[in-house]
Structures are given as C-alpha cells and as structure tokens.
Amino acid sequence: MADEAKAKGNTAFSAGQFEEAIKHFSEAITLVPSNHGLYSHRSASYASLHKYKEALDDAQKTVELKPDWPKGDSRLGATYIDWT
C-alpha cells in the first residue's frame, strides 16, 4: 500500500498537483515512517507550494533518517535558499 501511495504522489507531483501529492506521501509515511525518500518527496511538494516550514521539517527528517544520502542535504539546502 505504501508503494501505491508513493506512486500516486509521484504522479500528482509530476502533474503539478502538490496538495494531492502531499496527501499521498503523507499516507505512505503513515505506513512506512522510516522511509527517508517519502519525506524528501513531501518536502519538495511543500516547497513547491511555498510552505517552507513544512518543507524544512521534512528535509530535516530526511537527513535524520539517512544522513549519508546527499539528496537529503540538497533538499535541506534548497529549502533554506527558497525560504530566505
């Protein structure tokens, strides 16, 4: 079920339906809260809506869960840049 929710989130994100993407990524996170990629995707969705506090929270969670994943650091940095 988490993979299905993630796939729906990716489809919504690609279509520019960021609120819908957040809904699906949040559903997947509820099912698999240790998946760093889901937080990363949701962070990008929040950032696309200029919801930088939420994007930052998810980017920080991404780095917390997978500190050796460079994309998490780039997501975190992008959130700081966009927010300022």
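**View 1. Salt bridges across the chain.** Seven salt bridges turn up here, counting a salt bridge wherever a side-chain nitrogen of Lys or Arg sits within 4 Å of a carboxyl oxygen of Asp or Glu. This is a predicted model, so local features need pLDDT of at least 70 and side-chain atom pairs count only at pLDDT 80 or more, while totals for chains, interfaces and linings use all residues. Residues are numbered from 1 along each chain as its sequence is written, and side-chain values use heavy atoms, leaving out hydrogens and water. Side chains of opposite charge can pair when their charged atoms come close.

**View 2. Glu 19 meets Lys 51.** Here's a salt bridge between Glu 19 and Lys 51, with the closest N and O atoms 3.1 Å apart. This pair links distant parts of the chain: Glu 19 belongs to helix H2 (residues 18-31), while Lys 51 is in the loop between helix H3 (36-48) and helix H4 (52-65), 32 residues apart. In case you're wondering about the labels, helices (H or I, at least four residues) and strands (E, at least two) are DSSP runs, numbered from the N terminus. Glu 19 is partly exposed, at 46% relative accessible area, and Lys 51 is partly exposed too, at 30%. Buried means under 20% relative accessible area, exposed over 50%, and partly exposed in between (1.4 Å probe, protein chains only).

View 3. Lys 53 and Asp 57 form a salt bridge whose closest N and O atoms are 2.7 Å apart. They are four residues apart in helix H4, so about one helical turn separates Lys 53 from Asp 57. Lys 53 is partly exposed at 45%, and Asp 57 is partly exposed at 34%. Glu 64 and Lys 61 are three residues apart in helix H4, about one turn of the helix. Glu 64 counts as exposed at 56% relative accessibility, whereas Lys 61 counts as partly exposed at 25%. An α-helix has 3.6 residues a turn, so residues three or four places apart point the same way.

**View 4. The largest nonpolar core.** Nine residues make up this core: Ala 2, Ala 5, Ala 12, Ala 21, Phe 25, Ala 28, Ile 29, Leu 38 and Tyr 39. A nonpolar core is a set of buried Ala, Val, Leu, Ile, Met, Phe, Trp, Tyr and Cys residues joined through side-chain atoms within 4.5 Å. Helix H1 (2-14), H2 and H3 each supply at least two residues of this core, and H2 gives the most, with four residues. Apart from this core lies another one of five residues, including Tyr 46, Ala 47, Tyr 52 and Ala 55.

**View 5. Ala 5 and its neighbours.** Find Ala 5 in helix H1; at 2% relative accessibility, Ala 5 counts as buried. Leaving aside residues up to four places away in sequence, Ala 5 touches His 24, Glu 27 and Ala 28, where a contact means heavy atoms within 4.5 Å. Ala 5 and Ser 26 are 21 residues apart along the chain, and their C-alpha atoms are separated by 8.6 Å. Now switch to Ala 28: with residues up to four places away in sequence again not counted, Ala 28 touches Ala 2, Ala 5, Lys 6 and Leu 38.

**View 6. Helix H2 and its buried residues.** H2 has 14 residues and reaches 20 Å from its first C-alpha to its last, close to the 20 Å expected at 1.5 Å a residue. That expected span is 1.5 Å times one less than the number of residues in the helix. The buried residues of H2 are Phe 18, Ala 21, Ile 22, His 24, Phe 25, Ala 28 and Ile 29, and they pack against H1 and H3.

**View 7. An aromatic pair.** The count of aromatic pairs comes to one. Phe 13 and Phe 18 have ring centres 5.2 Å apart and planes at 65°, so the pair is edge-to-face. Rings of Phe, Tyr and Trp (its six-membered ring) pair if their centres lie within 6.5 Å; planes under 30 degrees apart count as stacked, over 60 as edge-to-face and the rest as tilted. Phe 13 counts as partly exposed, at 31% relative accessibility.
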